[in-house]
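This report describes the architecture of a protein model and the contacts between its chains. The sequence and structure are shown first.

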Amino acid sequence: MEHEIEILLVEDNPNDAELTLRALKKRHLANRIVHLKNGEEALDFIHGKNSFEGRDIRSQPKLILLDLKMPKVDGIEVLRNLKSNDATKIIPVVVLTSSKEDPDIKICYELGVNSYIVKPVGFEAFINAISELGFYWLLLNQNPK
Amino acid sequence: MQRNYFSQQAEEIANLGSWEIDLVSNVVHWSDQLFRICGYEPNDVTPSIRLGLDMVHPDDREVTEYLLRQALQFGNDYKIENRIVRPDGKIRYIYSQATVDKDIAGKPMRLRGIFFDISDRKEAEEARRQQEERYHTILNSVMEGFQILDHEFRYVYLNPSAIRQSRYPEERLIGHSMMELYPGIEQTELFQIMKDCLEKQSVRYQENEFTYPDGSKGWFELRIQPSADGLLILSVDITERKQAEEHKRKADARYRALIENSSEGITLMDKDHKVIYRSPANSKITGWTEEDLAGKHSLEDVHADDREHLRLAVKNAMEQSTDPVPFQFRVRHKQGHSIWLEGVMTNMLSDPGVEAIVLNFRDITARKAAEEKINEMNNELEAKVIERTAQFEAVNKELEAFSYSVSHDLRAPLRAIDGYANMIEEDYEKLLDEEGRRLLGNIQQNAKKMSTLIDDLLAFSRLGKKVIQKKQLNMNELLEGVLIDLNKAQQHHATILSDDLLPAFGDYSLIHQVLINLVSNAVKYSSKKEKPSVHISSRKEDNYVVYTVSDNGVGFDMKYAHKLFGVFQRLHTMDEFEGTGVGLAIVQRIVTRHGGQVKADSTPDKGSVFSFSLPIQ
């Protein structure tokens, strides 16, 4: 029996992923986290398909941290898929992106993103942002059950 | 008796009565005809001297009685014309003559007289007199001059119009000769004509321009004919008519000259579409002469594509006379090439002086060619603009993609550099010596600087896309906000003073940015002074408001002033003052987009003055 997954991190950049995990660890939020490298894997995971065939899809993460720029299936497609599916649209999705210049902000909000975060360049700011984020969505925010 | 019968017959035919008074017997005898002349039948009344005198018209009676008495007393014969009044009241004119027969002693014994009814003659005379009076009145009142000259050309008679025409008073004319009054007239043609008429007894009609002694002229229509006295001349003053004719002749000549010398072609067409006149310009324009065109159909040389247009224009012009109808068509020049004609046709068929459709036109071939050229160029230009716009849009898209990628892709490795440096610091600090820590610190510092550079660069490129929304700005309030932001962002010990600033007209957030950049620069570059001070002021210059930010900082060498506003251009090293070299470039870009100008002035070590102007509206 698997642990109940708390966070699904979808991030193709291993460095950003490492920094994110480090930040979450500092808050002790990284115990039940799954890191997937692209959108395709993420959708397979959520819907229990292909390599995740047989996964109990009744058990879904409490939070999805989603990078936008990814090979194959990008963050927007993942978001669109999740938010247009009754079974998955209640999962909070926080988009993490590199720049506020991103023309995708509007699209993300239209698709129903729960939060849109620009990754700070500075280490401390980044660590703070991620840990605050995890703290807020996992501990402070009340999810529908 | 025989003799008496004939005598009576003669008296009756001649309407002649006779009478006799026998002074011895005092018997008065009237002939039968005398009774009749006096309005009686013979022997109706008994003739007597009294009866004879009573018949006489009261006005004539006194004279008659006097003459009779003279005859009776002294035997004087007499003749008299008087009037008698018949019993019925009718008046008769009588010529009577009396002869006295005397005895040997010379004493009157018998008076014999004739009594001649001259009423018919008198009436004829009266009628003639009235007739003459009528003629006279007419001659006095007619406009025509009527004059009579004798054989020596002396004035015998002039009616008032002739006197007026002569321009002399009547008394100067009558009895004086033409030669006297109009010296030099002998040399004129008119005089020759008059002489001819006299000599040949012929009649002449003549229009003559007469020159008066003062040099002025008048036109007269004359009828010169011989008369009993010499010459009779009827004259009508036609000066005004002649002037009007002359005026019209000149006007006609002018219009003709205008039409014939105009470079514009003029053609007249009658109601059956037949050309009735072509001005000389027609053949100059088209090359076709009148002979060339004889017998040609009017549309023959017109370009096939334009015939319908021309037909419609003519139809339109024929149907109404209010508006000139414009037309434009191509016609074949005699030399074979096609020329463009443009003009208007005006329906003047109902104008009695014209009775034609008037076409005015000119050759616009050169203009058409120019228009075509312009069209061609416009089309080319448009194509170019479309092409360039597409190129520009493509470049713009590339630029957008570039800045997106700059912000996205440059940041990620930067974050990694800074992140790992920090991780080393956090996890392995104890393993590093001082030099190791210094080097690590340099990595972190450069990562931060690069991050700032990226942010500034993006801010600068964003400016190009931003739409400017101008409104009236209270610059005092705006500066206040700028100073609050500034004090939050950086620690400084500069004294910042501002005059009361004139309002500006611009985009709030952009002008805010300009002030932040300039004031923070001033603070930064004066920070090494003991008493740094910054002063902000404004003034009006023509249609601009000029804002000035001056400081007492390090300043710069004016020979590098041209580099100041370039992107990433710096006049100081990072060691001296930190910065990315984007702030002033942003200032210039904003001010320029507002239609203003930026200026910088400085003396090294004394301070700098940066100013920017904004249009009042």
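## Basis of the report

The structure is a predicted model. Every value below is therefore computed from predicted coordinates.

## The parallel sheet of chain A

In chain A, five strands form an open sheet in the order β2-β1-β3-β4-β5, with parallel pairing. The edges are held by β2 (33-36) and β5 (115-118) of chain A, each of which pairs on one side only. From one strand to the next, the twist averages 20°. Within this sheet, strand β3 (residues 63-67) and strand β4 (residues 93-97) of chain A are paired in the parallel sense over four bridges. At one position of this pairing, A:Leu66 stands opposite A:Val95 in β4(A).

Two helices of chain A lie across strands of the sheet. Helix α1(A) lies across β1 (7-10), β2 and β3 of chain A, and runs at about 160° to β1(A). Helix α3 (residues 75-83) of chain A lies across β3 and β4 of chain A, at about 150° to β3(A).

## The mixed sheet of chain B

Chain B contains an open sheet of five strands in the order β17-β19-β20-β22-β21, and here the pairing is mixed. Strands β17 (495-498) and β21 (598-603) of chain B are at the edges with a single partner strand each, so one side of each has no neighbour in the sheet. The twist from one strand to the next averages 15°. Strand β20 (residues 544-551) and strand β22 (residues 607-615) of chain B run antiparallel and are joined by seven bridges. In this pairing B:Ser550 is placed opposite B:Val609 in β22(B).

Helix α16 (residues 475-489) of chain B lies across β17, β19 (533-541), β20 and β22 of chain B, running at about 170° to β17(B). Helix α17 (residues 508-525) of chain B also lies across β17, β19, β20 and β22 of chain B, and its direction is at about 170° to β22(B).

Strands β8 (residues 204-211) and β9 (residues 217-226) of chain B run antiparallel and are joined by eight bridges. B:Tyr205 has B:Arg223 as its bridge partner in β9(B). Five residues lie between the strands of this hairpin, in which B:Gly215 takes a positive phi near 95°.

Strand β9(B) is also joined to strand β10 (residues 230-237) of chain B, by seven bridges in an antiparallel arrangement. The two form a hairpin with three residues between them. B:Leu222 has B:Ser235 as its bridge partner in β10(B).

## The interface of chains A and B

How many residues of each chain take part in the contact between chain B and chain A? The contact involves 19 residues of chain B and 22 residues of chain A. The area buried between the two chains is about 1900 Å², of which carbon and sulfur atoms give 51%.

A:Arg22 forms a salt bridge with B:Asp427, their closest N and O atoms being 2.6 Å apart. A:Arg22 also forms a salt bridge with B:Glu426, with the closest N and O atoms 2.8 Å apart. B:Glu426 lies in helix α14 of chain B and A:Arg22 in helix α1 (residues 14-26) of chain A, so this pair joins two chains.

B:Leu399 lies in helix α14 (residues 365-428) of chain B.

Definitions and conventions:
Residues numbered from 1 in each chain as written. Chains lettered and ligands numbered in written order. Predicted model: local features only at pLDDT ≥ 70, side-chain atom pairs only at ≥ 80, totals over all residues. Heavy atoms only, no water. Pairing = 2+ DSSP bridges. Axes fitted to C-alpha atoms, helices over the stretch in contact; angles between N-to-C directions. Contact = heavy atoms within 4.5 Å. Buried area = accessible area lost by both parts, 1.4 Å probe. Salt bridge = Lys/Arg side-chain N within 4 Å of Asp/Glu carboxyl O.
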